[in-house]
Amino acid sequence: MNTKSLPLMWGMMILGIALMVFSQTGITDSNQINGICIGFGAALAVLGIGNLAGKYVARAVETPDIQKASLREENDERNIRVRERAGWNTARITNYVLCFLALASALMNLELYITLSFVFLIIMEFSLTAGSLVYYEKRM
């Protein structure tokens, strides 16, 4: 089991539960902020719990032979290249979808925060792509 990701999973679960508890305490009077806290909290808690359960179940059924085969498959150059191309295509398609949604929300005169959310996601995607390219160019 990869122990590097365990603190992240526990952190996601704890942060999610804390956000849900925060939304129920009544500290803020805004229903919108409470709804956002519940939404993000539930998503983080479910992802953390699901990943933790998956890791512990996988550890319980894995044998040394399965671990060796899994590690060999994970580090196989062809599989690495397939994952890289799949990730790149996913990012490209997501970028087009976000651009379409931003344009459509602007043309439909939706609330400004909705359009700005799509624009922020586009800028974030471009920034992460540029940052990753610089990082991996120096690393490799």
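Helices here are DSSP runs of H or I with at least four residues, numbered from the N terminus. Asn95 sits in one of them, helix 4. Keep in mind that this is a predicted model.

**Helix 1 and its buried face**

- Helix 1 covers residues 6-25, and at 1.5 Å a residue its 20 residues should span 28 Å; the end C-alpha atoms are 29 Å apart, which agrees.
- Leu6, Met9, Met12, Met13, Gly16 and Ser23 are the buried residues of this helix.
- Look down the axis of helix 1 and those buried residues fall within an arc of 145°, so they line one face of the helix.
- What do the buried residues of helix 1 pack against? Their partner is helix 2, residues 31-61.
- Just after helix 1 comes Gly26, with a positive phi of about 85°.

- Ser23, in helix 1, has a relative accessibility of 5%; buried means under 20%, so Ser23 counts as buried.
- Setting aside neighbours within four places in sequence, Ser23 is in contact with Asn34, Cys37 and Ile38.
- Ala45 belongs to helix 2 and is buried too, with a relative accessible area of 5%.
- Again leaving out neighbours within four places in sequence, Ala45 has contacts with Met12, Met13, Gly16, Ile17 and Met20.
- For a sense of scale, the C-alpha atoms of Ala45 and Phe126 are separated by 28 Å, and the two residues are 81 residues apart along the chain.

**Where helix 3 meets helix 4**

- Helix 3 (residues 64-75) packs on helix 4 (residues 77-107) at an angle of about 60°, and the axes are 5 Å apart.
- That angle makes helix 3 oblique to helix 4.
- On the helix 3 side, Glu73, Glu74 and Asn75 meet Glu77, Asn79, Ile80 and Arg83 of helix 4.
- Sorted by class, this contact of helix 3 with helix 4 has 1 nonpolar, 2 polar and 4 charged residues.

**Helix 4 along its length**

- Which residues of helix 4 are buried? They are Asn79, Asn95, Leu98, Ala102, Ala104 and Ser105.
- These buried residues of helix 4 pack against helix 3 and helix 5.
- Back to Asn95: its relative accessible area is 13%, and buried means under 20%, so Asn95 is buried.
- Not counting residues up to four places away in sequence, Asn95 touches Ile122, Glu125 and Phe126.

**Asn109, just past helix 4**

- Asn109 is in the loop between helix 4 and helix 5 (112-139), and comes just after helix 4.
- Most residues other than glycine have a negative phi.
- Asn109 has a positive phi, near 55°, and is a residue other than glycine.
- Is Asn109 buried or exposed? Asn109 is exposed, with a relative accessible area of 69%.

Conventions:
Residues numbered from 1 in each chain as written. Predicted model: local features only at pLDDT ≥ 70, side-chain atom pairs only at ≥ 80, totals over all residues. Heavy atoms only, no water. Axes fitted to C-alpha atoms, helices over the stretch in contact; angles between N-to-C directions. Helix = DSSP H or I, 4+ residues; strand = E, 2+ residues; numbered from the N terminus. Parallel < 35°, antiparallel > 145°, perpendicular 65-115°, else oblique. Contact = heavy atoms within 4.5 Å. Nonpolar A, V, L, I, M, F, W, Y, C, P; charged D, E, K, R; others polar. Expected span 1.5 Å × (residues − 1). Buried < 20%, exposed > 50% of the residue type's maximum accessible area, 1.4 Å probe, protein only. Arc of directions from axis to C-beta.
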